[in-house]
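User: Hi, could you walk me through a few parts of this structure?
Analyst: Gladly, let us look at it together.

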Amino acid sequence: TVAYQPPSIVGEHHPLTDKQRRLLALAEQVGRESLAPRAARWDREASFPFENYDDMRAAGLLKLCIPESDGGLGADFATYMMVSAELGRHCGATALTFNMHTCSMMWTGILADDLDMTPEQRAEHARYREHHFARVIQDGAIYAQPFSEGSAAAAGKAPFGTTATKVDGGWKINGRKIFASLSGAANYYGVLCTEDKPELSMKDTFYIAVPGDAPGVTVTGDWDPLGMRGTVSRTLLFKDVFVPDELQLMPRGVYYQAASRWPHMFMTLAPTYMGIAQAAYDFTVRYLRGEAEGMGAPVKRRMYPTKQIAVAQMHIMLEQTRALFLRALQDGRADPGKEARLRAYAAQYTIMENANELCRLAIRTCGGQSMLKTLPLERLYRDSRCGALMLPWTAELCLDRIGREALYEPGERDE
């Protein structure tokens, strides 16, 4: 018999460009050969996947969203999302941290190109980002993107408490970030902070790359979480950290415009969990067919009606999730309409919740052996449970925004 062949992460017959096919094939190869064999190790140790980054760097994936004109692979938003989902299928923690790095390049690259800037801002930004791109392409640098502070800021409802004070030649950064993925591993932290003025305002959000080895940067706290253990998301402290002007990732005031006009920039955690959902389904089919690795003597269980019904339920849920994922990707742009924005929230919620539900069904269907750490399902389950909690679009926030924005037009309020 022919062994089960996992389908493309985008399913059959989804229209792809030649570049997308090449990049998806590259991600599949790196995922299968490098990420999947090591995934259990990073989970067990709660350690950062440096070796995975070495392999992704060698494959060119760290420059995925850098424009071709600057020496990168030139992936757009939709292409990145599909590639990220393929990586997430093989190692969730690696894909999630890869998101932080790649979005640093995407936000300062193709996303910034969609925003309004003065000619002076545009020239300044082009000059600065050329150096950021070169650090990745020539030096293999890794960028992180710490958001959370334990306040409403990461949800977009308050100014960031971390501040940037203008000084000669640059900025002084003070504050802290919690759940800072890649802490201690990144060469640069793309820090969102608020320009220090008498009254802090979200409109003065400032986006700048803080070198990981800059004086005043401290990584602190333990890291022993439920899931996504290889992200190593410890606490970052910034104490009078001097950062030169040229390390800005966007000109002053432009990030607020991006957050307001390009909402899909906050959907980029979802592909990791789309990949986990696919991985849970793939393992279940292999297991029931007696083809799963690590289970000793293979035993087929596919002939039982209860198992067949469970796989049918999983398949339906997976296809529903994938359809909404792929549809939402088409909407990524500046100034999407109301329905596109609501669809993005719906896609984020659906992926995060269904990934965990698919893992739950997989464990129930595969039975007692799925609890063992010699098989990947218990790790996939733990990793999948973390998705709904991740700012800026947690599952609760998505529900809140869908309900509010569906019922109220901008500016409307009840008497």
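**Strands and helices**

Analyst: Let us begin with a pair of residues in this predicted model: Tyr188 has Pro211 in β5 as its bridge partner.

User: In what sense do β4 and β5 pair, and over how many bridges?
Analyst: Strand β4, which covers residues 188-195, pairs with β5 in the antiparallel sense, and the pairing runs over 7 bridges.

User: Which way do its residues point?
Analyst: Thr205, Tyr207, Ala209 and Pro211 point one way from β5, while Phe206, Ile208 and Val210 point the other way. In a regular strand, the side chains alternate between the two faces of the sheet.

User: Switching to helices, how do α4 and α5 cross?
Analyst: The axes of α4 (residues 92-113) and α5 (residues 119-139) come within 11 Å and cross at roughly 150°. An angle over 145 degrees counts as roughly antiparallel, and α4 and α5 are therefore roughly antiparallel to each other. Their crossing is left-handed.

User: What kinds of residues make up that contact?
Analyst: The residues where α4 and α5 meet divide into 4 nonpolar, 4 polar and 3 charged. Among them are His101 and Met105 in α4, and Arg129 and Phe133 in α5.

User: Last one, where is Arg176, and what does it touch?
Analyst: Arg176 lies in strand β3, residues 170-180, and is partly exposed, with a relative accessible area of 41%. Not counting residues up to four places away in sequence, Arg176 touches several residues, including Glu149 and Phe238. Arg176 and Glu149 are 27 residues apart in sequence, and their C-alpha atoms are 6.6 Å apart in space.

Technical notes
Residues are numbered from 1 along each chain as its sequence is written. This is a predicted model: local features need pLDDT of at least 70, side-chain atom pairs count only at pLDDT 80 or more; totals for chains, interfaces and linings use all residues. Side-chain values use heavy atoms; hydrogens and water are left out. Axes are lines fitted to C-alpha atoms, for helices over the stretch in contact, and angles run from 0 to 180 degrees between N-to-C directions. Helices (H or I, at least four residues) and strands (E, at least two) are DSSP runs, numbered from the N terminus. Angles under 35 degrees count as roughly parallel, over 145 as roughly antiparallel, 65 to 115 as roughly perpendicular and the rest as oblique. A crossing is left-handed if the near helix is turned anticlockwise from the far one by less than a right angle, and right-handed if clockwise. Contact means heavy atoms within 4.5 Å. Ala, Val, Leu, Ile, Met, Phe, Trp, Tyr, Cys and Pro count as nonpolar, Asp, Glu, Lys and Arg as charged, and the others, Gly among them, as polar. Buried means under 20% relative accessible area, exposed over 50%, partly exposed in between (1.4 Å probe, protein chains only). Two strands pair if DSSP finds at least two bridges between them.
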